[in-house]
Amino acid sequence: MKKMMSFILLIAFGLGISVAHAQNYNSAPEVASTLWAINKAEIETSKMAKDKTISQPILQFSTKMFTEHQNAQKELEKILKENNISKISSADARTFRSEARKAMRTMKKLQGIAFDRTYMDYQISSHKKALEIINGYILPRVQNPALKKLYTSNEAEY
């Protein structure tokens, strides 16, 4: 499964993307909002895939994504509570939520291989964007050590 994830992330990096980020990622609430939205989008789309896919590898992958992002969300929630950080809406958080809703509307109408292909295309593009935001904008700027540590240690898994 790690090989599958590595392959997907390798493809994602190869596609390249340019994203404009206007938010202040020194602000813990904006970081929290963006990270929360990333995890929430992955949880929701992967739950749908777990329920709809007919492919065993896609089922395994979606189950893994669901579990990993649910765990990351719980860790994030704990850090926010311990550090008294509230989430405030960020442009990236709104974009992730919007793109996840759009993908889910499309996936809801699909079945079989069309569903699986659309789900995996979404996974590639959403992980690519998430990694770009986390590695390129959040980690170099975030001031809160707990938030920085959480996503620096999770990055090593991928």
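**Start at the aromatic cluster**

Select F61, F115 and Y119: together they form one aromatic cluster. The model is a predicted one. Keep these three side chains on screen for the next stops.

**Stop 1: F61 and Y119**

How many aromatic pairs does the structure hold? The count is 2. Take F61 with Y119 to begin. Their geometry is edge-to-face, with 65 degrees between the planes. Centre to centre, the rings of F61 and Y119 are 6.3 Å apart. That angle is over 60 degrees, so the pair counts as edge-to-face.

Now colour by helix. F61 belongs to helix α3, residues 56-82. Y119 belongs to helix α5, residues 112-141.

Is F61 buried or exposed? F61 has 0% relative accessibility, so it counts as buried. Y119 is also at 0% relative accessibility and therefore counts as buried.

**Stop 2: F115 and Y119**

Where do the two residues lie? Both F115 and Y119 are in helix α5. They are 4 residues apart, about one turn of the helix. F115 is buried, as is Y119.

**Stop 3: two charges over rings**

The charged end of K50 sits over the F66 ring, 4.1 Å from the ring centre.

Next, select K87 with W36. Here the charged end of K87 sits over the ring of W36. The distance from the charged end of K87 to the centre of that ring is 4.1 Å.

**Stop 4: zoom out**

Return to the cartoon view. How many helices and strands are there? The protein has 6 helices and 0 strands. Trace the chain and the pattern reads α-α-α-α-α-α.

Colour by burial next. Of the 158 residues in the protein, 45% are buried.

Then turn to contacts. Among those with a separation of 6 or more, 82% are between residues 24 or more positions apart.

Finish with the whole surface. The accessible surface comes to about 8,600 Å². Carbon and sulfur atoms account for 55% of that surface.

Methods: Residues numbered from 1 in each chain as written. Predicted model: local features only at pLDDT ≥ 70, side-chain atom pairs only at ≥ 80, totals over all residues. Heavy atoms only, no water. Phe/Tyr/Trp six-rings, centres within 6.5 Å; stacked < 30°, edge-to-face > 60°. Buried < 20%, exposed > 50% of the residue type's maximum accessible area, 1.4 Å probe, protein only. Lys NZ or Arg CZ within 6 Å of the ring centre and 35° of its normal. Contact = heavy atoms within 4.5 Å. Areas by Shrake-Rupley, 256 points an atom, 1.4 Å probe, with all protein chains shown as cover.
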